Amino acid sequence: MTIGFVGLGIMGTPMAANLLKAGHAVTGFDVSAERVERLLARGGKGARSVAEAVTGADLVITMLPDSPQVEEVVPEILEHARPGLLYVDMSTIRPETSRWVAGRAAPLGVRALDAPVSGGERGAVDGTLSIMVGGAAEDFEAARPVLGVLGTTVVHVGPPGAGQTVKAANQLVVGGIYGLVAEAIVLLEASGVDPAAGLDVLAGGLAGSRILDLKRHSMIRREFAPGFRVDLHHKDMGIAIAAAREAGVSLPLTGQVAQLVAAARAQGHGSLDHSALLKVIERLNG
């Protein structure tokens with residue numbers, strides 16, 4: 001397919017590269033010219049505007065930081081979309097924004113899906129992302145071959161906005177696990193127990209998780225190079241809290257996790273990986 005890709009950041013660049021490897025023609029745009037150059041080096045085409053990336057595309061993907069950026073580019077995408085275009089927004093944004101996008105797209109004959117991802121930079125590089133998709137079932141089936149290049153778990157979860165609601169649930173679980181792993185490290189170290197050995201045992205039992213598999217050693221070494229920044233997780237926890245309010249449910253642990261993430265940001269760790277919640281727990285313990 002001919003694919004327009006808007007947003008070539010930590011996640012977008014490796015995702016676009018995987019689409020190129022799969023034989024798709026990818027034209028990418030980003031506000032950073034350096035990121036566009038990286039796509040060119042991988043065999044893609046560069047665009048100087050959103051319009052140039054979209055024109056002539058069969059499918060357009062956006063991978064942007066937040067709702068305002070998506071709201072900014074959607075009018076330009078729709079203005080230059082060919083009839084029947086599949087528009088897949090893979091950003092993590094508010095569910096109501098995804099519903100707004102779908103409502104704007106449908107009268108113009110554009111098929112819109114919200115398809116946020118989980119798996120971080122490693123998953124984007126390896127093509128093993130988990131992708132939760134909201135939108136019409138037939139549009140999901142049309143996009144599935146492309147999404148299958150980017151992820152190994154690709155699930156249609158409901159109507160427009162449903163993908164974003166599932167992503168909010170994902171982020172509250174991820175944040176909670178990071179917080180608990182951080183507390184486990186602090187407890188083990190304060191008790192004179194080797195945290196590496198202790199977490200190896202946890203990873204092999206019922207407490208095991210992808211976070212323990214991928215992050216326990218870097219957390220113990222206090223290495224927090226960003227795969228997914230605290231700043232972005234802070235934004236996502238706000239989405240989760242807002243979604244809970246809209247649904248009329250109480251999520252007390254989610255509130256605590258949101259405050260831990262907010263504390264990490266307030267302490268100046270916003271550019272670090274979200275595993276840096278360990279720094280917050282350590283500070284609480286002097």
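**Labels and their grounds**

Reader: Why is Gly-175 called buried?

Author: Its relative accessibility is 2%, and buried means under 20% relative accessible area, exposed over 50% and partly exposed in between, with a 1.4 Å probe and protein chains only. The value lies under the 20% limit, so Gly-175 counts as buried. The model is a predicted one, in which local features need pLDDT of at least 70 and side-chain atom pairs count only at pLDDT 80 or more, while totals for chains, interfaces and linings use all residues. Residues are numbered from 1 along each chain as its sequence is written, and side-chain values use heavy atoms, with hydrogens and water left out.

Reader: Where is Gly-175 found, and which residues is it in contact with beyond its sequence neighbours?

Author: Gly-175 belongs to helix α8, residues 162-190; a helix here is a DSSP run of H or I with at least four residues, a strand a run of E with at least two, both numbered from the N terminus. Leaving aside neighbours within four places in sequence, Gly-175 is in contact (heavy atoms within 4.5 Å) with His-233, Val-257 and Leu-277. From Gly-175 to Ala-258 the C-alpha distance is 8.0 Å, across 83 residues of sequence.

Reader: What makes Ala-240 count as buried?

Author: The relative accessibility of Ala-240 is 2%, so the buried label applies. Ala-240 is in helix α11 and touches Ala-168, Leu-172 and Thr-254, not counting residues up to four places away in sequence. Its C-alpha atom is 8.8 Å from that of Ala-258, 18 residues apart along the chain.

Reader: How do you know that Leu-86 counts as buried?

Author: Leu-86 has 2% relative accessibility, and therefore it counts as buried. This residue sits in strand β5, residues 86-89. Residues up to four places away in sequence aside, Leu-86 touches Asp-58, Leu-59, Val-60, Arg-111, Asp-139, Ala-142 and Ala-143.

Reader: Why is Ser-271 called partly exposed?

Author: Its relative accessible area is 46%, so Ser-271 is partly exposed. Ser-271 lies in the loop between α12 (252-266) and α13 (277-284). Pro-226, Arg-229 and Asp-231 are touched by Ser-271, not counting residues up to four places away in sequence. Ser-271 and Pro-226 are 45 residues apart along the chain, and their C-alpha atoms are separated by 7.0 Å.

Reader: What makes Arg-222 partly exposed, and what is its phi?

Author: A relative accessible area of 27% puts Arg-222 in the partly exposed class. Phi of Arg-222 is near 60 degrees, a positive value in a residue other than glycine. The residue is in the loop between α10 (210-220) and α11 (230-247).

Reader: How do α1 and α7 pack, and which residues make the contact?

Author: Helix α1 (residues 12-21) and helix α7 (residues 137-150) pack at about 115 degrees, their axes 8 Å apart; axes are lines fitted to C-alpha atoms over the stretch in contact, and angles run from 0 to 180 degrees between N-to-C directions. Met-15, Asn-18 and Leu-19 of α1 meet Val-146, Val-149 and Leu-150 of α7. These residues divide into five nonpolar, one polar and no charged.

Reader: Why is the chain said to be as compact as a globular protein of its length?

Author: The chain has 13 helices and nine strands. Its radius of gyration is 20 Å, close to the 19 Å that the globule rule gives for 286 residues, so the chain is as compact as a globular protein of that length. The radius is taken over C-alpha atoms, and the rule is 2.2 Å times the number of residues to the power 0.38. Along its principal axes the C-alpha trace spans about 65 × 45 × 35 Å.

Reader: How many of the residues, as a percentage, count as buried?

Author: Of the 286 residues, 49% count as buried. Among contacts with a separation of 6 or more, 64% join residues 24 or more positions apart.

Note on methods. Nonpolar A, V, L, I, M, F, W, Y, C, P; charged D, E, K, R; others polar.
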